[in-house]
Amino acid sequence: MAFTLEVMTSFSQPTIKNYLIATIRSFGIKAVVHQKKNKIICAFESSHEKLQECLETIASTLPASCFMTQSQHYDVEGEPEGIPDFEVEYPSALGLCPTCQKEMFDPSSRRYYYPFTQCAHCGGQYAFFEHYPFERSNTALKYVKPCENCEDESHTLGRREKQVLNSCHTCGIPVRLIHKDKERYANDAGSFRTMFEVAAKALRDGKTLLMKTTMGYRLFQRSDKPSPASVLMLVNASKITDYCSLINDEFNALLSIERPVLHVALKDQALIDTFGSTMDVKYPDEGFSILLAKELTLLELDYIVYEVVDTPYDADFVMDYDLNINHQSDMRLFINKEVRFIASGERVAFPSRLPYGTDTLSIAHGLVGIKDNKGMLFDQMDRFSSASTLKVNQLETEMPAVESANFHTIAEDEASFMSVIAEHNKFGTKAVGAYFQGEPSFLYYDGKKVIRVVPPKRFEGSGIIESMRGLREGSDRLIANIETNHPELYHVLVQIEQNNLSLFEATAMILGLREVSFEGVMKEGLKFIGKGGLQIDTKVADNRFNHVAFLSSIISYRLAGVDSVYLSYSIFESFGDYFSELLTEIKGKTKAEDIVLCGSYFAGQSLFSRLQRNLKSVSVLMNMSYPIGKENCVVGGVFL
Ligand SMILES: [Zn+2]
Ligand SMILES: [Zn+2]
């Protein structure tokens with residue numbers, strides 16, 4: 001009999017599986033560990049005397065993933081025949097595992113206050129990765145020779161076995177803190193601790209700090225001016241719920257090994273007065289941020305604001321070191337009841353593997369998909385030195401990145417849609433889908449190829465006032481009324497005419513929002529507490545979304561005195577009805593089995609809740625291990 005542990009997760013990255021294997025190996029227990037579509041299964045040699053101890057170690061040290069839901073155990077027939085093994089194929093960019101975090105705060109360890117602390121399965125590794133294959137000589141640490149202890153560790157069973165970027169105070173990377181013409185160096189436990197203390201005090205005193213972390217550059221400050229790019233870093237876990245209204249799943253996700261950015265409701269009145277009622281929040285993830293957070297907590301600060309900057313930026317204090325780093329956009333997680341998916345970002349989702357593919361080289365948003373003997377490998381283009389291929393697919397909006405006699409362009413919505421079919425391995429079946437990021441479009445997959453049923457229609461501001469006049473009977477009087485009695489609103493329409501805006505930028509302007517973007521309208525809608533919105537015109541005319549009718553409808557409600565919060569909420573509710581009605585209709589006509597939702601605009605609470613409600617009896621597919629928009633195009637591009 002084999003004792004079997006099952007961990008439910010829909011996420012395909014091997015982090016948790018590899019951590020389990022590393023732990024099992026360190027106990028010398030025979031086991032078989034498999035990762036399937038929605039779970040990881042470990043079957044252990046039941047008779048091993050250390051099995052109980054091994055299971056207890058797993059329970060106390062296994063990092064919690066935000067994609068893990070539950071676990072169970074049972075016995076199965078048969079006995080595993082060997083010790084399991086794992087491979088570190090590419091670097092990760094995750095928070096620290098509980099054991100590494102503990103080590104960094106243990107004064108007796110070799111890594112007390114060492115910000116590059118990580119193991120084979122955790123921490124910010126990707127920033128130092130130059131190109132494949134992932135080995136030390138191909139990283140920024142190629143000239144940092146590991147000391148004997150570190151060298152030994154990476155060849156010893158345990159969580160640092162096979163670690164590529166292992167280092168400690170003895171062999172590690174000195175860091176400097178620059179303030180005006182003064183430089184302070186840190187190269188041992190004492191000097192690192194002082195450095196983080198000085199940095200935290202500077203922040204407390206209102207200074208800015210640019211920190212080169214193992215996840216890229218972050219500009220920290222005690223900001224009182226909100227910017228759409230600001231993220232609130234909650235540095236004290238026990239105080240998080242004093243500042244934010246979180247459901248349990250959101251709290252657990254914040255502290256998970258993926259350490260995602262979440263958009264949540266604020267609770268603290270001072271924060272609401274400064275930043276509005278909702279905000280992006282994050283819990284400290286990698287070594288530098290965790291050490292800074294610790295020192296801020298000692299100064300009784302519970303949060304700090306930061307912005308991601310992709311190049312060095314002028315600040316009062318700069319924490320820097322002599323290694324080149326590369327940048328990945330951060331992962332934003334969306335949670336709505338029991339549903340969770342990646343709204344956007346490269347971190348955590350990339351690099352990644354799909355075990356099947358084609359001979360097509362796919363290129364989109366700086367990412368590529370390359371076929372090798374294990375399937376497809378997806379990563380930033382710069383990480384690969386070469387690729388041989390039969391066919392190239394690249395997004396139609398981009399400059400061709402390679403020369404090929406067999407070069408093809410692909411559309412964003414079609415690639416995004418196809419990535420969902422590919423991830424769920426639904427090749428050969430029928431599916432209908434909606435794409436929503438920029439302009440809505442509707443797609444159909446007949447088992448072989450993707451067909452646009454309702455193509456996206458680019459929003460054109462020019463001529464909009466004339467089109468509104470001619471929309472229907474009485475529309476000309478509406479516009480005349482605006483021109484005479486609401487000059488400010490008329491001025492907005494003139495601006496929409498003259499500037500090259502997106503549909504949601506125009507919408508935000510008509511609503512009079514400060515943040516003129518899709519996010520601005522979404523955040524405004526989130527402020528609505530209550531049920532039932534107004535019906536906004538989302539009709540299709542000539543098989544296309546009718547922008548003029550949509551905006552005219554919003555203007556009419558504005559003139560009737562409806563406030564921007566209720567209107568924003570209503571816009572998403574109406575879009576929810578629009579998508580579900582059209583999808584259901586096309587599904588009926590085509591006899592498709594599944595409905596696909598893709599595009600990052602679906603990561604909005606009002607819209608998603610409405611769709612959940614309307615489509616609850618239908619099979620809805622979305623990306624599981626990839627972001628739902630933009631970054632998923634590279635995956636779909638392989639199969640177009
Ligand atoms: Zn670790
Ligand atoms: Zn060392």
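This dialogue walks through a predicted model of one protein chain.

Visitor: How do I read the overall build, and which domains are assigned?

Guide: Start with the domain assignment. Here it gives domain 1 (2-76), domain 2 (175-340) and domain 3 (464-565). The C-alpha centres of domain 1 and domain 3 lie 54 Å apart. The protein chain holds 19 helices and 29 strands.

Visitor: What does the radius of gyration say about the protein chain?

Guide: Set the value against the one for a compact globule. For 640 residues that would be near 26 Å, and the protein chain has 26 Å, so the two agree. Along the principal axes, the C-alpha atoms fill a box of roughly 80 × 60 × 50 Å.

Visitor: How many of the contacts join residues at least 24 apart?

Guide: Take contacts between residues at least 6 apart in sequence; 69% of them join residues at least 24 apart.

Visitor: Now a single residue. Is Leu-367 buried or exposed?

Guide: Check the relative accessible area against the cut-off: under 20% means buried. Leu-367 has 1%, so Leu-367 is buried. Leu-367 sits in strand S19 (residues 367-372).

Visitor: Which residues does Leu-367 touch?

Guide: Leave out residues up to four places away in sequence. Leu-367 then touches Glu-346, Phe-350, Ser-362, Asp-379, Gln-380, Met-381, Glu-631 and Val-634.

Note on methods: Residues numbered from 1 in each chain as written. Chains lettered and ligands numbered in written order. Predicted model: local features only at pLDDT ≥ 70, side-chain atom pairs only at ≥ 80, totals over all residues. Heavy atoms only, no water. Domains from an automatic or database assignment. Helix = DSSP H or I, 4+ residues; strand = E, 2+ residues; numbered from the N terminus. Rg over C-alpha atoms; globule rule 2.2 N^0.38 Å. Contact = heavy atoms within 4.5 Å. Buried < 20%, exposed > 50% of the residue type's maximum accessible area, 1.4 Å probe, protein only.
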